[in-house]
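Here are a few exercises to work through, each with its solution spelled out. Grab your viewer and have a go before reading on.

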Amino acid sequence: KIHDYYEFYPHIDMKPYIDDNTDTDTQYDLVSVVVHKGNVYGGHYFAFIRNDINDSKWFCFNDECVREADEFEVFDINFGGAMSLFKYKESTNSVIENTSKSDLSAYVLIYVKRSKADMVLKPIKIEEIPSEIVKEIVRDKKKEKKCELMKERKMKNIDVYFLSYKM
């Protein structure tokens, strides 16, 4: 895995890279960043996704957790390269810098042609979702509910342990 610094942008114009001048629609907007955290021997993938190119709201999809993310997370910490950690040392009243290679780097960038964004990013109607997926979502919701009930019951129970020492 290459950890070198690589910068990417929320908007790109592909005109300089197209030989054919007939396509004047060359504006693209970033809608997803797949990130790899780790090294060549292992790691973890997660994604930042937005569903509206006119909105700066991003979401981080990391396994079972989905949360809102800011643009700093999407762009500034996923460039690879070196990261600096600054630590204040009170005894000497100084700041110590520790620099290391970042193990976070954008792995896949997904851009959408601006003129097609409304079509590509349109909301999905429930009837457009395959029935197998709907059934799976219903099963997952039931599992989540059951887990929540079990957690509540566990919180109501108190485990008491006694330690005794032989002298």
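**Exercise 1. Count the disulfides, and check Cys 60 and Cys 65**.

Start with the cut-off: a disulfide is a pair of cysteine sulfur atoms within 2.5 Å. By that rule the count is zero. Take Cys 60: the nearest cysteine sulfur belongs to Cys 65 and sits 7.0 Å away, and Cys 60 is in no disulfide. Cys 65 is in no disulfide either, with the sulfur of Cys 60 as its nearest at 7.0 Å.

A note on the ground rules: this is a predicted model, where local features need pLDDT of at least 70, side-chain atom pairs count only at pLDDT 80 or more, and totals for chains, interfaces and linings use all residues. Residues are numbered from 1 along each chain as its sequence is written, and side-chain values use heavy atoms, with hydrogens and water left out.

**Exercise 2. Are Cys 60 and Cys 65 buried, partly exposed or exposed?**

Buried means under 20% relative accessible area, exposed over 50%, and partly exposed in between (1.4 Å probe, protein chains only). Cys 60 has 2% relative accessibility, so it counts as buried. Cys 65 comes out at 42%, so Cys 65 is partly exposed.

**Exercise 3. Characterise the aromatic pairs.**

Rings of Phe, Tyr and Trp (its six-membered ring) pair if their centres lie within 6.5 Å; planes under 30 degrees apart are stacked, over 60 edge-to-face, and the rest tilted. That gives four aromatic pairs.

- Step one: Tyr 45 and Tyr 107 are 5.3 Å centre to centre with 65° between the planes, an edge-to-face pair. Helices (H or I, at least four residues) and strands (E, at least two) are DSSP runs, numbered from the N terminus. This pair links distant parts of the chain, with Tyr 45 in strand E3 (residues 42–49) and Tyr 107 in strand E8 (residues 104–113), 62 residues apart. Tyr 45, at 44% relative accessibility, is partly exposed, while Tyr 107, at 56%, is exposed.
- Step two: the ring centres of Trp 58 and Phe 75 are 5.9 Å apart and the planes stand at 90°, so this pair is edge-to-face. Here too distant parts of the chain are linked: Trp 58 is in strand E4 (residues 58–62) and Phe 75 in helix H1 (residues 71–76), 17 residues apart. Both Trp 58 and Phe 75 are buried.
- Step three: look for a cluster, and you'll find Phe 8, Trp 58 and Phe 75 forming one.
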